[in-house]
Amino acid sequence: QRVHSQVFVKLTAWFPIPETSGPPKRRHLKIATGDDCFFTASMTGRSQWTLHAQHVKRWIVSHFDRLRRLADDLKYERRQTSRYRLPINEYRKKLIDKHHRRLSTFLKQTCAEVLAYAQRHACRKIIWDRTHTGFLPSFPWYELETMIETRANEQGIAFERPAEIHTTQG
C-alpha cells in the first residue's frame, strides 16, 4: 500500500522597492504649533494634517486643578500634623507620577506618528515652528521637540527650527 503525504513549505522574502529614476524629491514637512490646535503638519502638494489632542489639554488642566486643590488643603492656616499630611502627600505623588507617565506615552506616540508620516512621504527635512503655543502653554514642548529631532536624525531626516533658517540665510 502507498501512503500519500503532503509537505507544506513557507518561504518569506524581502524585495527592495527600486528607486525611481530622476533626481530625488526634496520634500519638507513643516510642523507648526498652534493657538487653536496642538500642531499642524503640512507639505507642498498634500493636505494639512492637524492634531488637536483635546484629551491632553484636559489632562493638564485637571492635573493642575487637582494639585491646586491639594495645596489649598495644606496651607498654613490649615496646617495639620505630619500624620495628617502624609496621606495627602502620597496621593499627590501618585497623581504626579500618573501625569508624567501619561505625558511620556503621549510624547512617544506623537513622535512616532510624526516620523512615520515623514517617512511615508519621503521627507528629507522637518521644519519645526514652535512660535504659537497658546493651545497648551504648560506642555513640555522642548521635550517633544528634542525627541523628534533625535529620532529624525537617527533616520537620516534633517531637523530645523525657524531661528536656524534665518541665521543661515542672513
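This is a predicted model: local features need pLDDT of at least 70, side-chain atom pairs count only at pLDDT 80 or more; totals for chains, interfaces and linings use all residues.
The protein has 4 helices and 5 strands, and from the N terminus they come in the order β-β-β-α-α-β-α-β-α.

**The whole chain**
- Of the 170 residues in the protein, 30% are buried.
- Take the contacts with a separation of 6 or more: 68% of them link residues 24 or more positions apart.
- The protein's accessible surface is about 12,600 Å², and carbon and sulfur atoms account for 52% of that.

**The strands at the start**
- Strand 1 (residues 27-33) lines up antiparallel with strand 2 (residues 39-42), with 4 bridges between them.
- One of the pairings here puts Thr33 with Phe39 of strand 2.
- To get from strand 1 to strand 2, the chain makes a hairpin through 5 residues.
- Strand 2 also pairs with strand 3 (residues 49-51), again antiparallel, over 3 bridges.
- In that pairing, Ala41 sits opposite Trp49 of strand 3.
- Strands 2 and 3 form a hairpin too, with 6 residues between them, and Gly45 in the turn has a positive phi of about 85 degrees.

- The mean pLDDT is 86, with 88% of residues reaching 70 or more.
- Among the elements, helix 3 (residues 141-154) has the highest mean pLDDT, 94, while helix 4 (residues 162-169) has the lowest, 52.
- Over residues 165-170, pLDDT stays under 50, and the model gives this stretch 2 contacts beyond four places in sequence.

How values were computed
Residues are numbered from 1 along each chain as its sequence is written. Side-chain values use heavy atoms; hydrogens and water are left out. Helices (H or I, at least four residues) and strands (E, at least two) are DSSP runs, numbered from the N terminus. Buried means under 20% relative accessible area, exposed over 50%, partly exposed in between (1.4 Å probe, protein chains only). Contact means heavy atoms within 4.5 Å. Accessible areas come from the Shrake-Rupley method with a 1.4 Å probe; for residues, only the protein chains shown count as cover. pLDDT is the predictor's confidence in each residue, from 0 to 100. Two strands pair if DSSP finds at least two bridges between them.
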